[in-house]
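Student: I would like to go through this structure term by term. Please set each value against its definition before you conclude anything.

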Amino acid sequence: SKSEPLKVMISGAPASGKGTQCELIVQKFGLVHISTGDLLRDEVSSGTEIGNKVKEFMNAGKLVPDEIVTAMVTARLSLQDAKEKGWLLDGYPRSFEQAQALEELSVRPDIYIVLDVPDEILIDRCVGRRLDPETGKIYHVKNFPPDSDEIKARLVTRADDTEEKVKSRLEVYKKNAAAISSTYTSITNKIDGNRSKEIIFEDIDSLLSQVQKDKTAKSVKP
Ligand code: AP5
């Protein structure tokens, strides 16, 4: 018998390493990665109507209005691949209202992972972050430089990765974090995100493997 696919939420402050861990999780578990930040940035760079609406909020380090993001996420979650392979939701919910919107649709994760990283480290991680627009891969000028000049030449910086904007994003995160996590208390797993990315992934890997095992055991009916 086949178990239900994994449903995972990953949360944490700006630059706590969500996107970096998601790359590793997808590689191992084949889940559909749904990052609201990535979806929104795609809208902005394609110049869509939604992109034009959300650009100012993002550039200011503020949250985009709930109804825009919620519509995007629920549309993405309802596609066949997410139902078949399972999903990894990154950057959503970001407010109590967003968490409640999912509860009302009975969309619940199996596990809620929170990456915990001290503030002073977050700023440096944001300011040094670079993105590869071709592969979507995340780099850092000191921590994870690219290994070829070709990649290095095409890396871009996010408009919201200045020290000032990171501080306001961090404030927004702190204001909302408790209200969101109250929805998922029973399935929350806090992880020390101030270690090497491989060691952090070992923790996440064993958590997810355990959840998967439990789900398989449950699905095997005598
Ligand atoms: P979003 O894209 O979600 O940004 P964020 O939450 O601020 O998170 P980041 O993408 O900055 O960081 P991350 O945790 O993924 O870290 P990463 O792995 O890249 O949202 C952007 C904006 O979109 C929001 O401000 C808002 O406007 C809007 N938005 C998005 N979702 C929304 C929602 N639900 N509602 C309303 N608005 C929404 O790592 C960071 C850096 O650190 C990298 O350079 C990386 O190489 C490095 N690094 C990673 N791990 C390690 C490690 N272990 N050790 C050393 N360096 C590391």
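Tutor: Two strands pair if DSSP finds at least two bridges between them. Strands (E, at least two residues) and helices (H or I, at least four) are DSSP runs, numbered from the N terminus.

Student: Why are β1 and β3 called paired?

Tutor: Four bridges join β1 to β3, and the definition asks for at least two, so they pair. The two strands run parallel, and in β3 the bridge partner of M9 is L89.

Student: What kind of model is this, and how are the residues numbered?

Tutor: It is a predicted model, with residues numbered from 1 along each chain as its sequence is written. Local features need pLDDT of at least 70, side-chain atom pairs count only at pLDDT 80 or more, totals for chains, interfaces and linings use all residues, and side-chain values use heavy atoms, with hydrogens and water left out.

Student: What is the mean pLDDT of the protein chain?

Tutor: pLDDT is the predictor's confidence in each residue, from 0 to 100. The mean for the protein chain is 95, and 98% of its residues reach 70 or more. The model also scores ipTM 0.97 and pTM 0.94.

Student: What makes β1 and β4 a pair?

Tutor: Strand β1 (residues 7–12) and strand β4 (residues 111–116) share five bridges in the parallel sense. At least two are required, so these strands pair too. I10 stands opposite I113 in β4, and G12 has L115 as its bridge partner there.

Student: In what order do the strands of the sheet lie?

Tutor: The order is β2-β3-β1-β4-β7, five strands in an open sheet with parallel pairing. From one strand to the next, the twist averages 20°.

Student: How do you know that α9 packs on the sheet?

Tutor: Helix α9 touches β1, β4 and β7; contact means heavy atoms within 4.5 Å. The direction of α9 makes about 150° with that of β4. Such angles run from 0 to 180 degrees between N-to-C directions, and axes are lines fitted to C-alpha atoms, for helices over the stretch in contact.

Student: Why is β1 called largely enclosed?

Tutor: Buried means under 20% relative accessible area, exposed over 50%, and partly exposed in between (1.4 Å probe, protein chains only). Five of the six residues of β1 are buried, so the rest of the structure largely encloses this strand.

Student: Is A13 buried or exposed?

Tutor: A13 has 7% relative accessibility, so A13 counts as buried. A13 is found in the loop between β1 and α1 (18–29). Beyond its neighbours within four places in sequence, A13 is in contact with K18, L115, L122, L170 and Y173.

Student: What can be said of A15?

Tutor: A15 lies in the loop between β1 and α1 and has a phi near 70°, a positive value in a residue other than glycine. Its relative accessible area is 12%, so A15 is buried.

Student: Is S106 buried or exposed?

Tutor: S106 has a relative accessible area of 62%, so S106 is exposed. This residue lies in the loop between α6 and β4 and has a positive phi of about 55° although it is not a glycine.

Student: Why is I138 called partly exposed?

Tutor: The relative accessible area of I138 is 23%, so I138 is partly exposed. I138 belongs to strand β6 (residues 138–140). The C-alpha atoms of I138 and G19 are separated by 7.5 Å, although the two residues are 119 apart along the chain.

Student: What makes the approach of R158 and D160 a polar contact?

Tutor: A polar contact is a pair of N or O atoms within 3.5 Å; within protein, one must be able to donate a hydrogen and the other to accept it, and residues adjacent in sequence count only if both atoms are side-chain atoms. The side chains of R158 and D160 make such a contact at 3.0 Å. R158 is in the loop between α8 (149–154) and α9 (163–181). At 16% relative accessibility, R158 is buried.
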